Each structure stands twice: as structure tokens, then as C-alpha cells.
Amino acid sequence: MDFDKWQEIFESLRRHKLRTILTAISVWWGIFMLIILLGAGSGLENSAKRDFEDDSMNTFFIYGGVTSLPHKGLKPGRYIQFDNEDREILDERIEGIEYTSGRLWLWGDNLTKYEDKALSFDLRPVHPEHLHIEKTIIEQGRFLNEADLGSFRKVCVIGDLVKEELMPNIADPVGQYVNIKGIDFMIVGVFTDKGWEGERKNIYLPITTVQKVFYGRDRISQLLATSDSKNMEETMMMKERIISSLATRHNFDKEDNQAIYIWNNFENFKDFQTFFGMLKGFLWFVGIGSILAGVIGVSNIMLIIVKDRTREIGIRKALGATPRSIISMIVTESVFLTGISGYVGVLSGFGIIELLGYAMEKFEVELEFFYKPQISPAVIFSALLILIIAGVVAGYFPAKKAATISAVEAMNN
Amino acid sequence: MIEINNIKKSYKTGSTELQVLKGVNMHVEPGELVSIMGSSGSGKSTLLNVLGLLDKYDSGSYLLNNVKMEGLSEKEAAFYRNRFLGFVFQSFNLLPFKTALENVALPLYYQKVDRKERLRKAEQYLERVGLLNWKDHYPNEMSGGQKQRVAIARSLITEPKVVLADEPTGALDSVTSEEIMALFKEVHASGMTMVVVTHENEIAAQTQRVIRLSDGLVKNQVPVL
């Protein structure tokens, strides 16, 4: 430890308190903003990730469309309508498919009545494997099963918010009956869901029962299929196989991109990852920009310090100070100033992000777009590294100037 | 100790070139106490800067302690300034935020002498100039004479070959000037080679030899009787 050097640094900073504090604030602000920005970015990213985690990561959503190409003598303009057999085809013939389900839209007021209450909820007729696709969590009772579908049972599984609104005083609603669109269904389970709140206001119904009771026909509005693959190429191949199987069954051209629509959230996840990669890059850019402003401030201050100390530097040179020892003195001071103020910036930014995360958890604040903001050790490490480099850069040019000061001129100053 | 042959030095100011030293020849024997005199503009300050390795010269040769001082890098110049030379200035040039003791010890810092040893040696030299009681005082708490004594102690601490003094009494009253000259003579008596730049005849008269500089040339060298 070079006691004299540090004594001089403290002395130099102490002699100009206001200047030191203002400079420190500019660096502090830069690094503080960088940490806050990145923390906020992670909050956005984590909330989006949470939404993806809610549904199975690699899910195909398939809708029927209208053919646009003639195929095997058939004219374009035909509607493609899925039915239960389509789901079986996906389930049995497509390699790599894990879970499948259909969904059926129910039109009208969708009134659900219980005792004197009549409220409108989303009705969602599905197959049993829908449980895994939506990552539905059963709280009481059970989900729909094959037996329910096989014998067209009039049963339903309600969301915990449905239960709360419809029968807040009933501890265990399993076994109770609700009247849906005029027909009594028995509640066999209550579920919750980690996704957005609306999911918990759904009522799941056996799809076959709904087909029979409300449609009179075997129909599916939307097919869902999941894969456990995390590979983009495999996923794209699976998509091809799904299209060709459905094209064979419904007699449309595989190249007809309007006959059916397939939406895959894994592709979306990729886009999402790219998007957040870019967002992060942007945040770093902005953050580093504000650090740069701080660094230029420090560099300016160091220039002024060098000017102030010209005479002193001249004296030191006369006494045998080498250019190197002069540079080292100025650069150390600069690194010290940026280092300390930046370190405080990192700590305060980190503190605020952690506090925010803690407060959100503690007071159960649930925001759709913001979740668990965090700063990783890697970010802190890079921020500190940037600071050190910034300090050196900010100090170097003024120091270089100081080193070239002529001792004679300096002492006559 | 010092041998200077045909030293020339000019400064460029805009388009005009100003020849300050026009071929100076001089030498200083080991253990001599020499004064350099001259009116302002005679080139004496420039000569002192050249002697002190604080400024470069254009041509000629300079031997200091039998070492050729030619084409030195900044680092080498710093080394020789530190090892061979001690400086005493008109305006003392003490660092205001350091105590007398720390000021005296500073040249040893650039020799990488350990702090304890530095301060121990600085105490010895402060005692020699009679200011050991003032070691913890800052320059602004001292009189001009005291400051110059501290500066002299600082110039001696590295045990240099030559002490260069630039108008050392220029900022002092006559009584204090006498005290400082007495100290100089005392240091000289211990065997130190000394070069004093001055424009005061009373000061020059107390040295062994006077080198008179005029218009960038040595006019005459007069031994003081």
C-alpha cells in the first residue's frame, strides 16, 4: 500500500468537496440507471416467461380455414371443419406429440346459474389431456376423464374464481350442480391456473357432452397438440407432418396455407427470446451511454485537477518524479473516484431492485407485465468491470497531459 | 563536477526564434560554491534549467558528475534529477498539504525508500537546518526563512552531487537572507558542490567564484577574493 499516494488522493478530493461530490453523483447516476434499467428489463422478461411457462412451451394451435387451391378436382372455397377423429389422428399418427385436445366454441350468453345467481363465464369444452396442455392445477376433486367423455356425462370443472363468485360460502363445491345454458352439470373439480386471471374464470366441460347436447354434431373448433421437443427443426418437421396428415384426411393441398392455420408458441418463444435479447442490448446501450456521460464528467474534472496541480506536478518532477509516477497518481485518483461512486451506484440500484422484488412478493402485488425483477451477479460483475475501465480511460488522458507538463513552466505557474 | 561546452538553446515563439544561450562554456569543480549572475534576459534561468535537467538544450555538451547528459528520456532525466541534483527555489516550492517532515522526505519517495526510513532520514535533515521542532507544521504556518530551510533540507536529503539554487534569497528580507547564506556556506563547508543563481551582489560576493552571463554568453568568470 502506497500510503503517500493515497494520502494525496484523499487530500485532493477533500480540498474540492463540491466538485468531488458532483462528479461522484454523475457516475453514481450512470451506473444506478444501468442497474435499474436491466432490473426492469428482467422484470418484463420474467413476466413474459411466466406466461410462457403457464402453457406448455411447445404447443400447436390448429384452426380450420377455407381452401384457396383446387385439389383433386375439388374447387377452392371449402371450409375445413375438424372433428374428434382429427384429434385421434394427431394423437396416434404424429410422432413426437405428447398431449392432444380439442376445444369447442360455445356461442350465446353462456349463463351459468347456481341457486339465485346467474353469471356469464367462459365455457371450454375440451378433452382430458387439456389439463397438461394448459397446465391446469387441480385444487379440489379431479379433472375431466375419458369416462366422462365416453358416456357423455354432464360434469364440469370450475375455476377457483368461478367458485368464489358463484358459491363463496361453499367450502367443497364438488358434488354441487350448476345450470349451464339450461342444463344441469355436476361439479367434479375446482382448478386454478398460474397464467392470467381470466383463465381462472373458465368452466371446463367434456367436449363430447357439449357436442351432443348443444351441437348435435361431432365438431372441434380448435385442435391443440404439444410436443416435448425444444428443437426448432424438429418442431418444424412436426408441423409439416401435422399439415400433411390433416391434408390427406380433409382433401386439401399441403401447400394451401389458408386451408388450416397452425400457430406454434415455440416459434413465438424464439421470437420472444430474440426480442428480449434485443431489448437487453438496447438497455445496455442506454445504460452505458449514461455511464459514458459520467465518465466524460470525471475526465473533465481530472483535467481541471491536473490544471490545478500543475505547479505541484512541476515540483514533483524537479524532485525526480517520473512521468509514469505522475500518470499513476492521476489514474489512481480517477479509478478511485469512479470506483467508489460506481460501487455505491451498483449497490443502490441492486438494493432498489431487490427491495422492489421483495415488496411485490410480500404485498402480493401481481402485475401482468412485471414479475420478479432481478440483477444477476454477472451483470454486477460487468458493471464493476466497466467502471474500472471507465476510470482508467477517464484518468488517462488528463494524466498524459500532466506527464508532459514542463517542470519549468509548471513551477512558474 | 559540471562541464558545459558551447551550449546553445533557442525558443520558438511563433515565427521568430529567440536564441537565449549562444554557446555557453563553464565548469564547476567538485566542492565549489559558484554563483551565476546576470540581468533578466541574460539567460541565467535558462542555463539553470539546462543544468537542472529541467529543460533541453539544442547543441553542445553537458557532463554532470562525469556522466554525459545527452538525449535523455523523461525517465532518465527524472532519475538524474533525483540522484545527482538538489533544488532550492526562490519561491520555496513546498507542497502546501504536506508537513515540513513530509516535504523533506518527498525526494526519497521517488527513490522508493520505505516510508519509515524516509521520515527517519528527513528528521535528521530537519535537525541539521534547525527545524526539528517544526516537523509537523505545514508550510503556511512557517516564515519564509523557515520554508527555505525546509527546502534546503529537502534538496540535501538525497545526498546529491550538486545543489542548484535559483535566487534562494529573492523572497527573503536581508536578515533572513544572511541566515540562509550562512546555512549555504555551512553546507558547502561539509563538501557540497553548489551553484547559486542570483542578481544580488551581496549574495554573489559570498561565493567563491562569480560567473557573469550577458546576452546568452559568459562575459567573465571572476574569483571572489
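R309(A) counts as buried, because its relative accessibility is 4%; here buried means under 20% relative accessible area, exposed over 50%, and partly exposed in between, with a 1.4 Å probe and protein chains only. This is a predicted model, in which local features need pLDDT of at least 70 and side-chain atom pairs count only at pLDDT 80 or more, while totals for chains, interfaces and linings use all residues. Residues are numbered from 1 along each chain as its sequence is written, chains are lettered from A and ligands numbered from 1 in the order in which they are written, and side-chain values use heavy atoms, with hydrogens and water left out.

The term stands for a side-chain nitrogen of Lys or Arg within 4 Å of a carboxyl oxygen of Asp or Glu. R309(A) sits in the loop between helix 9 (265-308) and helix 10 of chain A, while E333(A) belongs to helix 11 of chain A, so the pair ties together parts that are 24 residues apart in sequence. E333(A) is buried too, because its relative accessible area is 0%. Helices (H or I, at least four residues) and strands (E, at least two) are DSSP runs, numbered from the N terminus.

Just after helix 10 of chain A, G320(A) takes a positive phi of about 115°.

Now step back to see chain A as a whole. Chain A has 13 helices and 12 strands, and of its 413 residues, 49% are buried. Its accessible surface comes to about 20,400 Å², with 59% belonging to carbon and sulfur atoms; such areas come from the Shrake-Rupley method with a 1.4 Å probe, and for residues only the protein chains shown count as cover.

Leaving aside residues up to four places away in sequence, D148(A) touches R142(A), F143(A), R153(A), V155(A), P206(A), T208(A) and T209(A).

Next, look at where the two chains meet. The contact takes 23 residues from chain A and 24 residues from chain B. About 2,200 Å² is buried between chain A and chain B, and carbon and sulfur atoms give 58% of it; buried area is the accessible area (1.4 Å probe) that two parts lose on being put together, summed over both. In chain A, D4(A), L319(A) and V408(A) lose the most area to chain B, together 26% of what that side buries.

What kinds of pairs cross this interface? The count between chain A and chain B is 0 salt bridges, but 5 residue pairs are in polar contact, both residues at pLDDT 80 or more. A polar contact is a pair of N or O atoms within 3.5 Å; within protein, one must be able to donate a hydrogen and the other to accept it, and residues adjacent in sequence count only if both atoms are side-chain atoms.

Helix 1 (3-15), helix 10 (310-318), helix 11 (323-362) and helix 13 (407-412) of chain A each supply at least two residues of the side that touches chain B. The largest share, 7 residues, comes from helix 1 of chain A.

Chain B has salt bridges of its own. E32(B) forms one with R209(B), the closest N and O atoms being 2.8 Å apart. This pair links distant parts of the chain, 177 residues apart: E32(B) is in the loop between strand 2 (16-28) and strand 3 (33-37) of chain B, and R209(B) is in strand 9 (residues 209-214) of chain B. E32(B) counts as buried at 13% relative accessibility, and R209(B) is buried with a relative accessible area of 10%. Over all chains, the structure holds 26 salt bridges.

Methods: Contact = heavy atoms within 4.5 Å.
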